[in-house]
Amino acid sequence: MSKETAEEAAQTLRFMLFGLSTSGKSEIIGSYFNDFRIAGEKYVKVIGTKCYLKFIEIQLIPDEPPIKIKLEIWDAVTQERFPLICAANSSSMDGIMLVYDITNNDSFQFICDNYSSLANHVGPRCRMTLLGNKCEKENMRAVSRQRVRDFSRTNRLSDLDVSGRRSVRVDQAVEDLVVDVLRAKQKKKRKKKAPTVKC
């Protein structure tokens, strides 16, 4: 199979980064995409929004062929000014990464203030995860772990501390979300295929 054919056969997943520009979203993207220098990765800019493309393979079930994924990661650069517009645009996303800076309370408060609106706009199969960026500055932490834990538990979110600048757990964060989305989709397919039992 040619590279073009393999890419056409890949399943498309759309993720969005949500958070203040000061949260370090660009660092996370730069880490995951290796500064956009890897062959096969593309970058597209669409009216205030940047979309980054990458083809990956995920081994969801042992002894079965890996699932080919065309991963789109979207980042709106105007979220501070138009958070509600960004929330509305989240309806087509499969996954959302809520990014805050662990050394900046305002960045976490932005997530808290806009989470409800975001959750009301996403589709029923969309999965979200909370990422505390800049974990290399743990000694400067301003957002308490207890506050993060309470928010995550209340909203049933997974959470992970990462460092875009040092490339710490960034790949894990993205791939964990991919797996979460794929499992949610498979679960829904199994429900659709379940036979109807007549009494």
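Predicted model: local features only at pLDDT ≥ 70, side-chain atom pairs only at ≥ 80, totals over all residues.

Biologist: Let's start with charges, then: how many salt bridges does the structure hold?

Modeller: The structure holds 11 salt bridges. One of them joins arginine 14 to glutamate 72, with the closest N and O atoms 3.2 Å apart. That pair links distant parts of the chain, since arginine 14 sits in strand E1 (residues 11-18) and glutamate 72 in strand E4 (residues 67-76), 58 residues apart.

Biologist: And is glutamate 72 buried or exposed?

Modeller: Glutamate 72 has a relative accessible area of 8%, and because buried means under 20%, it counts as buried. Arginine 14 comes out at 33% relative accessibility, which lies between the 20% and 50% limits, so it is called partly exposed.

Biologist: Which residue does glutamate 27 pair with?

Modeller: Glutamate 27 forms a salt bridge with arginine 165, and their closest N and O atoms are 3.0 Å apart. Glutamate 27 belongs to helix H2 (residues 25-32), whereas arginine 165 is in the loop between strand E7 (158-161) and helix H6 (170-193), so this bridge ties together parts that are 138 residues apart in sequence. Arginine 165 is exposed, because its relative accessibility of 56% is over 50%.

Biologist: What about aspartate 94 and lysine 185, are they buried or exposed?

Modeller: Both aspartate 94 and lysine 185 are buried, and they form a salt bridge with the closest N and O atoms 3.5 Å apart. Aspartate 94 is in the loop between helix H3 (83-88) and strand E5 (95-101) while lysine 185 is in helix H6, so parts that are 91 residues apart in sequence are tied together by this pair.

Biologist: Which residues are linked in a network of salt bridges?

Modeller: That network is made up of Glu138, Arg141, Arg145 and Asp161.

Biologist: Going back to H2, how many of its residues are buried?

Modeller: Six of the eight residues in H2 are buried, so the helix is mostly covered. The buried ones are Lys25, Ile28, Ile29, Gly30, Ser31 and Tyr32. Just after H2 comes asparagine 34, which takes a positive phi of about 50°.

Biologist: Now a loop residue: where is serine 23?

Modeller: Serine 23 is found in the loop between E1 and H2, and at 0% relative accessibility it counts as buried. Its C-alpha atom is separated by 4.8 Å from that of tyrosine 100, although the two residues are 77 residues apart along the chain. Leaving aside its neighbours within four places in sequence, serine 23 is in contact with Val99, Tyr100, Asp101, Asn133 and Lys134.

Biologist: Changing topic, how many disulfides does the structure hold?

Modeller: There are zero disulfides in the structure. Cysteine 51 is buried, with a relative accessible area of 3%, and cysteine 135 counts as buried at 14% relative accessibility.

Biologist: Last one: what lines the largest pocket?

Modeller: The lining includes Tyr115, Val122, Cys126, Asn155 and Asp180, and by class it has six nonpolar, three polar and three charged residues. Helix H4 (105-121) and strand E6 (127-133) each supply at least two residues of that lining. About 180 Å³ of space lies in this pocket.

Note on methods: Residues numbered from 1 in each chain as written. Heavy atoms only, no water. Salt bridge = Lys/Arg side-chain N within 4 Å of Asp/Glu carboxyl O. Helix = DSSP H or I, 4+ residues; strand = E, 2+ residues; numbered from the N terminus. Buried < 20%, exposed > 50% of the residue type's maximum accessible area, 1.4 Å probe, protein only. 1 Å grid on protein atoms, 1.4 Å probe; cavity = no way out; pocket = protein on both sides within 12 Å on 5 of 7 lines; lining within 4 Å. Points joined across faces, edges and corners; volume = space filled by probe spheres on them. Nonpolar A, V, L, I, M, F, W, Y, C, P; charged D, E, K, R; others polar. Disulfide = S-S within 2.5 Å. Contact = heavy atoms within 4.5 Å.
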